[in-house]
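Here are my notes on this structure, point by point. Please keep the chain in view as you read.

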Amino acid sequence: ENHSTRRTNGAPSRQSSAFTHRTYLNQFPIAMAPGIVATLSDCIADVRAKLHGGDTRTTLVLALAMFCAVSPMDITQLLLVLFGAGVYALSQPFNLPVGRRAKRIPDAGPPGKHAAPTVQRRWRSSAATPASQRVATHAPCLRSLKPEAPAVFAPSVVPAAPPTFRASGWDAEVEELVASLMPTPESEREVERLAAQVRRVVRRIVPEAEVVAVASSSSLRSRAFGVAVPDVDVVVSCSPDLLDARVARGNGKDGRHVQKVAVRAITDRLVATGAFKFRRSAFSAQDPKVTLLATDLADSVPFDLGVNSATPLQSALLVSEARRIDDRGHALILLVRRWARDRGLCHSAKGHFSLHCWTLLAIYFLQVDDEQVLPPVHRFKLASSLAGGAAEGAPDVASAVGNASVHRRSVGALFKDFVAFYASDFDAEKEAVSVRSGRRASPSSRLPVHVVLHEDGRTREVAPSVEDPFEPTRNLAAGTTPLALARWREELGRAVSLLSRSGGESSMTELLEPWVPPEECSVAAEPSSA
């Protein structure tokens, strides 16, 4: 009885165990189908490799392992696994290789010559594969099989052309150009409309923000490099704490980081509306900014967008003060900025002076010139308080400036003297551009001097120092590069040569011919010479 009882009591246990085992076998292959499919695919690839290599022992071991893996399955499970393996194999040709780049290693070559770049590729291999065979032989990279094509400069669809004039004569052409650069009521309305569009988008993010758009010249006049160096600035002003809370979500590391995060967020919202197009960014500049193109206006207007950027507002303030004091000062600033833009001298991302620097260069020349067209900045009514000067009691600069003993020159004559001054008279090692003091003197001890190291690693050159009148310890020309200095001297020499022609043959059209890189000039000249 005890024996039968034990068998009777044990029978349900054996049946339950068999049922559980059968259920597990039914569920196991389906649950692990992706892993089984991948394993089978790897095994098939290894078997194929071994068959090609003639390793019979490894092939038999792998075949036996596969048989043991699939023997517990029924016909339905085997069909499912084979179907999945087939689908996996068919989908492999459509899977493009995406991931880490292949490691480039130098190939052995003759001494003294550069070896062709090679690619080291690693393949899946079984544990039985010798270590010497686990890394494939070094195959030459595709780039080494085909020589790199030389740079080809295609002509622009709408090439920039120099301005043409109805008037004849240097002074007449200058007056016509300056009149076209002066802001007009129509251009001011376009700038206000641009500010309103940006304001509507910005206040959805930060309702307390203020948006201001400034333009020192007419924004409706097309010009060379107009998109690369816009003449319109849109500044979003808001408390850094509010920007940190609303935009950076309290994760701002410092004020500059919050500026960058805010510029990115606002740019994303503007581009999402479809009325703006992104052109470029300059987050490494002294004032982080992006360049956008407003396409909904009558004429697509490029502009720079910044957050809490003081430079555009300060530059606009100085230009307005120069215009209030003497119209010739404003006209010379516009002419200098236009010349620097057309000749490729104001792209700060490439190490050139910014438009704000060229504005200060023009003001400084007008201050130290014999005629003394403009006074020091501390005597400007509106800018004196920002520059740290005495605003109270400042005399009326409109009546206090100027040297009565010097003949009043035209804007064209002032521009000729401007390029001659910086080409031959100005010494960057002994003099600093300081519109705050308005006199020729050596750089202040508080102003850092920027020394440029040339490509040879030995030649050093002192770059012109441009003092920020609102922050005297800041050198606005600190990012000047050796190429920018060479272009500075080249363009000043070219302008002096064009403007010193005998017989008054100076031409504004020739002076403002858009600058083209030397490589593009040589490539464009080859067909004509042939």
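1. Leaving aside neighbours within four places in sequence, which residues is leucine 498 in contact with? They are Ser506, Glu510 and Leu511. Contact here means heavy atoms within 4.5 Å. Leucine 498 lies in helix 15. Leucine 498 is buried, with a relative accessible area of 10%. Buried means under 20% relative accessible area, exposed means over 50%, and partly exposed is in between (1.4 Å probe, protein chains only).

2. A word on the model. It is predicted: local features need pLDDT of at least 70, side-chain atom pairs count only at pLDDT 80 or more, and totals for chains, interfaces and linings use all residues. Residues are numbered from 1 along each chain as its sequence is written, and side-chain values use heavy atoms, with hydrogens and water left out.

3. Now the whole chain. It has 17 helices and 13 strands. These are DSSP runs numbered from the N terminus (helices: H or I, at least four residues; strands: E, at least two). Of the 530 residues, 38% are buried. Among contacts with a separation of 6 or more, 64% join residues 24 or more positions apart. The accessible surface is about 30,600 Å², and carbon and sulfur atoms hold 56% of that. The areas come from the Shrake-Rupley method with a 1.4 Å probe; for residues, only the protein chains shown count as cover.

4. Next, helix packing. Two packed helices are described by the angle between their axes and the distance between the axes. The axes are lines fitted to C-alpha atoms, for helices over the stretch in contact, and angles run from 0 to 180 degrees between N-to-C directions. Under 35 degrees counts as roughly parallel, over 145 as roughly antiparallel, 65 to 115 as roughly perpendicular, and the rest as oblique.

5. Take helix 14 (residues 411–425) and helix 15 (residues 482–499). Their axes come within 9 Å and cross at roughly 135°. The two helices are therefore oblique to each other. Helix 14 contributes Phe415, Lys416, Val419, Ala420, Tyr422 and Ala423, while helix 15 contributes Trp488, Leu492, Ala495, Val496 and Leu499. By class, that is 10 nonpolar, no polar and one charged. Ala, Val, Leu, Ile, Met, Phe, Trp, Tyr, Cys and Pro count as nonpolar, Asp, Glu, Lys and Arg as charged, and the others, Gly among them, as polar.

6. Helix 14 also meets helix 6 (residues 170–181), with axes that come within 8 Å and cross at roughly 100°. Helix 6 is therefore roughly perpendicular to helix 14. Trp170, Asp171 and Val174 of helix 6 touch Val411, Gly412, Ala413, Phe415 and Lys416 of helix 14. This contact has five nonpolar, one polar and two charged residues.

7. Helix 10 (residues 311–325) and helix 12 (residues 355–368) pack at about 30°, with axes 10 Å apart. That makes them roughly parallel. Thr311, Ser315, Leu318 and Val319 of helix 10 meet His356, Thr359, Leu360 and Ile363 of helix 12. Here the classes are four nonpolar, four polar and no charged.

8. Finally, two loop residues. Serine 434 sits between strand 9 (432–433) and strand 10 (451–453). Serine 434 is buried, at 8% relative accessible area. Alanine 285 lies in the loop between strand 6 (276–282) and strand 7 (289–294). Alanine 285 is partly exposed, at 23%.
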